[in-house]
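Subject: Structure for your review

Dear colleague,

Please find below the structure that I am handing over to you.

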Amino acid sequence: MKRRALLVAGGAFASSVLGGRTAQAKQAVVQWPMFEWEKQRGFFPPGVGVLVPPPLAVYGDGEAYADAAAHQYLPAGEAEALRTHAVQVLGKRADLRRRPGFEPPKDAPSERVRVRTADGHYLTAHLDGWGDGDPRHAFPVALHELYDHVQVLRRRVRADGTPWAADALLLVAVHLDAEPDGPEPWPASVPVPDVRHDRPYRETKLAGAKARKVRRDLPRSDEDEGVWPSYRTPAGAFIAANWRYSLPHEW
């Protein structure tokens with residue numbers, strides 16, 4: 001088993017990735033999810049949090065993705081019921097307000113929930129702490145009901161859906177200032193990410209044969225572990241790297 005390296009590097013995060021609609025062929029026009037719950041980044045060390053996929057994304061054809069781990073087509077009525085429910089809640093500003101005195105920590109990751117309306121526009125809400133179930137009940141009842149609705153669909157897709165293993169992924173690398181414990185040689189089949197002391201962080205979108213090589217030769221760890229596989233590059237530098245599967249609109 002490969003040893004793991006703690007992510008100890010400075011630097012800033014790059015932008016979120018965008019992309020095509022299918023995992024087989026990149027398209028010129030991005031088809032965004034009809035509904036998406038996305039956990040965005042807070043003020044973490046570089047790399048931490050970037051590989052947390054959207055807990056739930058539902059496209060206009062009813063295809064739902066849970067945690068970029070499984071996907072399933074929802075019945076048309078269920079997909080439309082989710083859209084209608086989310087539009088009703090996100091369209092009312094009063095339903096999005098926290099109770100006074102219940103603001104989240106300033107360094108907490110942002111959670112974005114958005115839904116496409118019937119006329120093609122998006123309603124978007126940033127609901128920091130929504131994804132933990134809001135144990136302090138800082139949010140209105142309407143948001144709790146939407147959360148429960150989303151979680152029911154998410155659990156069903158994870159339990160009954162088809163595993164998601166696309167030929168498209170996001171590879172993230174971080175330069176390490178010190179030698180980690182037991183680094184492996186960087187695999188010759190994968191280009192070495194351009195990270196160094198003055199540019200310690202890099203995100204790379206890969207698809208097709210390049211993505212398959214990463215899947216084959218670079219093991220990944222769960223984001224919750226907090227540590228990533230570590231490597232020694234041919235130039236003698238040390239990096240940590242990890243990856244996750246991309247959703248159709250992310251590559």
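In this account, helices are DSSP runs (H or I) of at least four residues, and they are numbered from the N terminus. By that rule His144 belongs to helix H2. Please note that the model is a predicted one.

Overall picture. The chain has 3 helices and 13 strands. Of its 251 residues, 47% are buried. Its accessible surface comes to about 12600 Å², and carbon and sulfur atoms account for 53% of that surface.

The sheet. Seven strands form an open sheet in the order S7-S6-S2-S3-S4-S5-S8, and their pairing is antiparallel. Strands S7 (122–126) and S8 (162–163) are at the edges; each has a single partner strand, so one side of each lacks a neighbour in the sheet. Within the sheet, strand S2 (residues 35–39) and strand S6 (residues 111–116) run antiparallel and are joined by 5 bridges. Glu36 has Arg114 in S6 as its bridge partner. The charged end of Arg114 also sits over the ring of Tyr122, at 5.1 Å from the ring centre.

The helices on the sheet. Helix H1 (residues 76–90) lies across S2, S3 (56–58), S6 and S7, and it runs at about 115° to S6. Helix H2 (residues 141–160) packs on the sheet as well, touching S2, S3, S4 (63–66), S5 (70–73) and S8, with its direction at about 105° to that of S5.

Leaving aside residues up to four places away in sequence, His144 touches Gly133, Asp134, His137 and Phe139.

Aromatic rings. The whole structure contains 7 aromatic pairs. In one of them, the ring centres of Tyr59 and Tyr65 are 5.6 Å apart and the planes stand at 80°, so this pair is edge-to-face. Tyr59 and Tyr65 are both buried. Trp186 and Tyr231 also form an edge-to-face pair, with 5.0 Å from centre to centre and 80° between the planes. This pair links distant parts of the chain, as Trp186 is in the loop between strands S10 (184–185) and S11 (201–207), while Tyr231 is in strand S12 (residues 227–232), 45 residues apart. Trp186 is buried at 6% relative accessibility, and Tyr231 is buried at 1%.

Lastly, the charged end of Arg220 sits over the ring of Trp243, 4.6 Å from its centre.

Yours sincerely

Definitions and conventions. Residues are numbered from 1 along each chain as its sequence is written. This is a predicted model: local features need pLDDT of at least 70, side-chain atom pairs count only at pLDDT 80 or more; totals for chains, interfaces and linings use all residues. Side-chain values use heavy atoms; hydrogens and water are left out. Two strands pair if DSSP finds at least two bridges between them. Helices (H or I, at least four residues) and strands (E, at least two) are DSSP runs, numbered from the N terminus. Contact means heavy atoms within 4.5 Å. Axes are lines fitted to C-alpha atoms, for helices over the stretch in contact, and angles run from 0 to 180 degrees between N-to-C directions. Buried means under 20% relative accessible area, exposed over 50%, partly exposed in between (1.4 Å probe, protein chains only). Accessible areas come from the Shrake-Rupley method with a 1.4 Å probe; for residues, only the protein chains shown count as cover. Rings of Phe, Tyr and Trp (its six-membered ring) pair if their centres lie within 6.5 Å; planes under 30 degrees apart count as stacked, over 60 as edge-to-face and the rest as tilted. A charge sits over a ring if NZ of Lys or CZ of Arg is within 6 Å of the ring centre and within 35 degrees of the ring normal.
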